[in-house]
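Please keep the 3D view open while you read.

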Amino acid sequence: MPYAFGGAVIFMVIFGDVPIISIILWGFNQITSSSLLAVPLFILFGSIVSKSGIADKLLRFADIFIGRIKGSIGAVVILTSGFLGAISGSSFTGIASVGQIMIPRMLQQGYSRGYSTSLVSVSSVLGALIPPSVMIIIYGWATGTTVTGSFLSTIGPGVLLIILFIIIHFVHTKKYFSKEGKGTYKEYAEIPINNDPEEMEKFRKRNTKFRIFLAAIPSLLLPVVILGGIYGGFFTPTEAAAVASVLGFLVGIIFYRQLKFKDIMDLLHDSTASIGSIMAMIFFSLLLAQTYVHLQIPQAIVELFLDVTDSKVLILIIVTVFLIFVGMIVNDTTAIILTAPLLLPLVVSFGVDPIHFAAIMAITLAMGGITPPYASVLYFGMRVGEANFSEVVRPTMVFIIFGFIPVIILTVFFEPLSMALPRLFGY
């Protein structure tokens, strides 16, 4: 994909009379911005979370409260994915960590492979909404909007999405499982695979509620440190990402003792590959976005729509549908860099707050991660869950239609859902 954007830049330079040297120098100046450093640091932290045992401890902690309710295994998946979003800021972290643990458990309990994979995939999208979010960091950096205020704007839609996902899951569970306890997390979570009596006794002793709670404390403190540091004025988002990475290493090595030297080398290798690909894509997307500015395309779009209509509702509908379409064909990072500088002047001219628009972009582009044809999050989930597209498409569409679509509509047209918290904090 970076090469595709590079080719588009070359085309614009040749046929649009864009000064190549000046936009490249501008691009290098932007990509070395300290605020953008938060992106690779949170990607590194996401890899640490997936390999350090943090996700497993959070799953067991959530199980303490709802583990014996029928269908609770799905609720555990959804809540843990939301909590991981408050730690790592990435959708892929939830799939890599939660999916590998919970999909086999759900299969044991009679859930289909397609539904199990779909639930984990759509829940992992919460990582792009619950702050800190890599997507919001890039939005704030690309548009000059406050990152901390934009973080707050996605909490309302994110929490509402969690509630709707849990409702959808329990409806599914009630429809497909009997009352004998099928679908509960406890039924299988505490039983060793070999069913050896001695092993079972040792397992139960190691996993009393108090021990589970104590083990989860370091994981539970991570979002407190990250978000508390940001909103308490102790950290910038970039500094919070650095602190989170260091703490993640310490938790994995000292507290959980699951990060060995080989694991650290592997996660550094994987993180470096992901960071290199994403930063290259950001760089070429930046250059292309700058050609828009040079050719005055944003101003032309604003004038075009002002000539067509003066209805704020109609403009928001058009922009939302456009963002959904863009999210279906490119990843969220690319979509924000390419479209935010174009669309923000348009929606601001109709009285939309830039922080409110951050929530609109986040929720619509997050849905794109599970909506074909691009659906990068869904395809990654299919790889982890070893499921076919035909198996996951139907349950995924249920979550989109009854989960995402209502939240998108409310986020766009009911401003307090996304703006109440930013205004409470003075943004």
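## Thr154 and its neighbours

Thr154 touches Leu129, Pro131, Ile136, Ala359 and Ala362, leaving aside residues up to four places away in sequence; contact here means heavy atoms within 4.5 Å. You will find Thr154 in the loop between helix H9 (147-153) and helix H10 (155-176). Helices are DSSP runs of H or I with at least four residues, numbered from the N terminus. At 1% relative accessibility, Thr154 counts as buried. The classes are buried under 20% relative accessible area, exposed over 50%, and partly exposed in between, with a 1.4 Å probe and protein chains only.

Which backbone oxygen does the side chain of Thr154 reach at 2.5 Å? That is the backbone oxygen of Leu129. The backbone oxygen of Phe151 also lies 3.0 Å from a polar atom of the Thr154 side chain. Polar contacts are pairs of N or O atoms within 3.5 Å; within protein, one must be able to donate a hydrogen and the other to accept it, and residues adjacent in sequence count only if both atoms are side-chain atoms.

## How to read the model

This is a predicted model, in which local features need pLDDT of at least 70 and side-chain atom pairs count only at pLDDT 80 or more, while totals for chains, interfaces and linings use all residues. Residues are numbered from 1 along each chain as its sequence is written, and side-chain values use heavy atoms, with hydrogens and water left out.

## Helix H8

Ile136, one of the residues that Thr154 touches, is among the buried residues of H8. This helix spans residues 134-143 and is mostly covered, with eight of its ten residues buried. The buried set is Val134, Met135, Ile136, Ile137, Ile138, Tyr139, Gly140 and Trp141. These residues pack against helix H2 (20-31), helix H3 (38-51), H9, helix H15 (261-294), helix H18 (332-349) and helix H19 (354-368).

Both ends of the helix deserve a look. At the start of H8, a side-chain oxygen of Ser133 comes to within 3.3 Å of the backbone nitrogen of Met135. Just after H8, Gly144 adopts a positive phi of about 80 degrees.

## Aromatic pairs

The structure holds six aromatic pairs. Phe165 and Phe404 form one that is edge-to-face, at 5.8 Å centre to centre and with 65 degrees between the planes. This pair links distant parts of the chain, as Phe165 sits in helix H10 and Phe404 in helix H21, 239 residues apart. Rings of Phe, Tyr and Trp (its six-membered ring) pair if their centres lie within 6.5 Å; planes under 30 degrees apart count as stacked, over 60 as edge-to-face and the rest as tilted.

Phe165 counts as buried at 0% relative accessibility, and Phe404 counts as buried at 0%. Ring pairs join Tyr111, Tyr115, Phe165, Phe399 and Phe404 into a cluster.

## The salt bridge

How many salt bridges does a search of the whole structure find? There is one, and Glu415 forms it with Arg423, the closest N and O atoms being 3.0 Å apart. A salt bridge is a side-chain nitrogen of Lys or Arg within 4 Å of a carboxyl oxygen of Asp or Glu. Glu415 counts as partly exposed at 24% relative accessibility, and Arg423 counts as partly exposed at 47%.

Conventions: Helices (H or I, at least four residues) and strands (E, at least two) are DSSP runs, numbered from the N terminus.
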